[in-house]
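Colleague: Hi! I'm new to this one, could you walk me through it?

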Amino acid sequence: MTPEEINQLVAEKIMGWTPKPCDLEETQQEWTVYDDGYCWCPRCKVREHISTFEHGIIPPPRYSTDMNAAWLVLQHIDEEWDELIPPFAYNLGVTFATSDGFDTFTLSFGQLVRLTPEKICKAVLKTIGAI
Ligand SMILES: [Zn+2]
């Protein structure tokens, strides 16, 4: 899976994200116009010549590569997911399965520092059966 595919799945299946057309004009951001006539929009990431430029769909946050964005996923899970937290923690590799279910949360410092946005996203998607 590409990072973009992971971002899209996490956004839609976990974070309740829906595609939204670019609304650059309503923000304080500005697009970039290059000397060759091409423009780049920081909201929808479209890069096209100014003569044919059309804004696109704003892409989802970069959950799989940006720890700040991945942390929003963890907070969402903490707030919304009660019963799925144990299997999620198991898929993340920070707890153990026992015959009674899952053991208590056992994240060590060594595990903590090895968490990456990609690992968090894949564990979430595995927990809901999306991958
Ligand atoms: Zn745009």
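This is a predicted model: local features need pLDDT of at least 70, side-chain atom pairs count only at pLDDT 80 or more; totals for chains, interfaces and linings use all residues.

Colleague: Great. How is the protein divided into domains?

Modeller: Domain 1 covers 18-58 and domain 2 covers 67-127. Their C-alpha centres lie 36 Å apart.

Colleague: On to helices. At what angle do α2 and α5 pack?

Modeller: About 35 degrees, and the axes of the two helices are 9 Å apart. Helix α2 is residues 67-80, while helix α5 is residues 117-127. Their crossing is left-handed.

Colleague: Which residues make that contact?

Modeller: From α2 you have Met67, Ala69, Ala70, Val73, Leu74 and Ile77. Helix α5 brings Pro117, Ile120, Cys121 and Val124. By class, that contact has ten nonpolar residues, with no polar and no charged ones.

Colleague: And α1, which of its residues are buried?

Modeller: In α1, residues 3-13, the buried ones are Ile6, Asn7, Leu9 and Val10. Looking down the axis of α1, they fall within an arc of 170 degrees, so they line one face of the helix.

Colleague: What do they pack against?

Modeller: The buried residues of α1 pack against α2 and α5.

Colleague: Switching topic: is Leu125 buried or exposed?

Modeller: Leu125, which sits in helix α5, is buried, because 20 other C-beta atoms lie within 10 Å.

Colleague: What is Leu125 in contact with, leaving aside neighbours within four places in sequence?

Modeller: Leu125 is then in contact with Leu9, Val10, Ala130 and Ile131. Leu9 and Val10 are among the buried residues of α1.

Technical notes: Residues are numbered from 1 along each chain as its sequence is written. Axes are lines fitted to C-alpha atoms, for helices over the stretch in contact, and angles run from 0 to 180 degrees between N-to-C directions. Helices (H or I, at least four residues) and strands (E, at least two) are DSSP runs, numbered from the N terminus. A crossing is left-handed if the near helix is turned anticlockwise from the far one by less than a right angle, and right-handed if clockwise. Two residues are in contact if their C-beta atoms, placed from the backbone, lie within 7 Å. Ala, Val, Leu, Ile, Met, Phe, Trp, Tyr, Cys and Pro count as nonpolar, Asp, Glu, Lys and Arg as charged, and the others, Gly among them, as polar. A residue is buried if 20 or more other C-beta atoms lie within 10 Å of its own, exposed if 12 or fewer, and partly exposed in between; C-beta atoms are placed from the backbone. The arc is that of the directions from the helix axis to the C-beta atoms. Domain bounds come from an automatic or database domain assignment.
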